[in-house]
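Please open the model in your viewer, colour it by chain, and keep the selection panel at hand. The stops below say what to select next and what is to be found there.

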Amino acid sequence: MSARGEARLWVAQRATAMMLAVFVLAHLVTIIYAVRNGLAGADILARTRGSVGVAVFYGLFVLASAIHGSIGLRTIAIEWLRMRSNPAGIFALVAGVLLVVTGLRAVVAVVAA
Amino acid sequence: MDEVKTLRVSVWRGGAEGRFQQFDVPRRESQTVLDVVTHIQRHLDPTLAYRFACRVGMCGSCAMSVNGTPRWTCRTHVDKVAKGDALTIAPLANMPVVRDLVADMREFFDKWARAKGQFTPTRTRHDEFVAVDPKSAPRREADAGIECIGCGVCYAACDVVKWNRDYLGPAALNRAWTLVNDVRDGGQEARLAAVAGDAGCHSCHTMMSCTELCPKELSPTRSIAGLKRATFARAFEEGGE
């Protein structure tokens with residue numbers, strides 16, 4: 001990959017890190033709220049089903065995680081597994097696609113009516 | 001002065017393949033690690049190869065690995081680094097070994113060149129001098145990194161150098177940053193291209209071993225962060241590398 005491409009990956013990883021900081025905080029607050037108020041699975045699903053807000057929030061959360069995580073895995077593959085740039089990129093792409101597919105599947109499961 | 005009268009010193013002998021050899025060296029007041037190595041070569045084994053020149057922390061020749069940590073040996077007192085009476089001295093890590101305590105620094109300095117660490121003039125001797133305000137922000141940034149003596153301590157301390165053999169390393173990137181802040185320099189485009197990406201500033205994990213161990217108390221980490229900012233806009237320009 002060109003140096004410019006690698007610089008773009010770096011920017012994407014830093015940008016998604018900033019998004020994740022907000023997402024993770026909101027997610028943790030939601031969990032604490034749910035536990036404190038004794039919300040069982042059914043109660044939570046009743047709130048999330050059909051909610052555009054939840055779909056957008058967790059949809060973006062999944063995309064940001066997939067981008068951030070796969071770029072990080074690319075670096076780990078290069079530095080620790082000694083992979084060259086291209087195979088590491090393919091490895092990261094596969095990991096990213098898996099994260100998107102499984103993550104969005106989970107979002108659909110809690111949002112779809 | 002503590003109670004230890006004799007130092008038990010393990011010194012690397014050989015090239016990439018080799019072994020540690022034990023020497024007993026008399027403990028002296030205000031003794032530096034370079035004093036220890038010199039004592040061994042002058043009095044115990046004249047075949048020991050090591051490198052030094054100025055002995056006063058200016059030339060950057062004498063860096064070695066002392067008890068596993070890269071140090072400038074001429075300014076490193078035994079008091080500060082000996083574990084009891086034991087010292088282990090080896091050539092700098094992350095470089096090939098020439099022999100004994102001498103590391104091959106060619107790759108280290110080649111990377112300065114690859115990071116476009118050469119000044120690119122924009123004027124000739126017939127032009128007027130450029131007036132650079134010592135208080136200007138770029139000049140202060142350059143000042144903060146300019147005192148590097150090229151000892152290689154940061155390069156030997158850096159885990160990214162160990163993991164990624166193409167990584168230019170803290171010293172070369174620090175050098176590039178001082179030139180990025182040189183308003184007289186005309187080579188910025190090529191320099192910013194050279195220091196971006198996995199071989200350059202974007203691979204730095206900000207572990208700060210370079211900054212912790214730099215004998216001149218520079219912060220290559222800060223310089224690398226500056227390069228990340230400087231290359232940010234470039235990442236989204238069209239065309240080129």
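How many residues does the contact take from chain B, and how many from chain A? It takes 13 residues from chain B and 12 residues from chain A, where two residues are in contact if their C-beta atoms, placed from the backbone, lie within 7 Å. On the side of chain B that touches chain A, the classes are 5 nonpolar, 5 polar and 3 charged residues; here Ala, Val, Leu, Ile, Met, Phe, Trp, Tyr, Cys and Pro count as nonpolar, Asp, Glu, Lys and Arg as charged, and the others, Gly among them, as polar.

For orientation, this is a predicted model, in which local features need pLDDT of at least 70 and side-chain atom pairs count only at pLDDT 80 or more, while totals for chains, interfaces and linings use all residues. Residues are numbered from 1 along each chain as its sequence is written, and chains are lettered from A and ligands numbered from 1 in the order in which they are written.

**First stop: helix H1 of chain A**

Select residues 3–36 of chain A, which form helix H1; helices (H or I, at least four residues) and strands (E, at least two) are DSSP runs, numbered from the N terminus. The 34 residues of H1(A) should span 50 Å at 1.5 Å a residue, and the end C-alpha atoms are 49 Å apart, which agrees; the expected span is 1.5 Å times one less than the number of residues.

Next, pick out the buried residues of H1(A), which are A:Ala3, A:Arg4, A:Glu6, A:Ala7, A:Leu9, A:Trp10 and A:Thr16. A residue is buried if 20 or more other C-beta atoms lie within 10 Å of its own, exposed if 12 or fewer, and partly exposed in between, with C-beta atoms placed from the backbone. What covers these buried residues includes H3 of chain A, together with helix H8 (188–194) and H10 of chain B.

Then move to A:Ile32, which also belongs to H1 of chain A. Is A:Ile32 buried or exposed? A:Ile32 is exposed, because 10 other C-beta atoms lie within 10 Å. Its C-alpha atom is separated by 15 Å from that of A:Asp43, which is 11 residues apart from A:Ile32 along the chain. H1(A) is followed by A:Gly38, whose phi is positive, near 65 degrees.

**Second stop: H3 of chain A and its partners**

Axes are lines fitted to C-alpha atoms, for helices over the stretch in contact, and angles run from 0 to 180 degrees between N-to-C directions; angles under 35 degrees count as roughly parallel, over 145 as roughly antiparallel, 65 to 115 as roughly perpendicular and the rest as oblique. The residues in this contact include A:Leu9, A:Leu20 and A:Phe23 of H1(A) and A:Phe61, A:His68 and A:Ile71 of H3(A), and by class the contact has 10 nonpolar, 5 polar and no charged residues.

Show chain B, whose secondary structure comes to 10 helices and 7 strands. Its C-alpha trace spans about 65 × 35 × 30 Å along the principal axes, and buried residues make up 42% of the 241 residues.

Select helix H7 (residues 170–180) and helix H10 (residues 220–232) of chain B, which pack at an angle of about 55 degrees with their axes 8 Å apart, so that H7(B) is oblique to H10(B). Among the contact residues are B:Leu173 and B:Trp177 of H7(B) and B:Ile224 and B:Leu227 of H10(B); the contact divides into 10 nonpolar, 3 polar and no charged residues.

**Last stop: two loops of chain B**

Finish at B:Asn94, in the loop between strand S5 (86–90) and strand S6 (97–99), which has a positive phi of about 65 degrees although it is not a glycine. B:Asn94 counts as buried, with 21 C-beta neighbours inside 10 Å. B:Asp100, in the loop between S6 and strand S7 (102–103) of chain B, has a positive phi near 50 degrees, and B:Asp100 is buried, with 25 other C-beta atoms within 10 Å.
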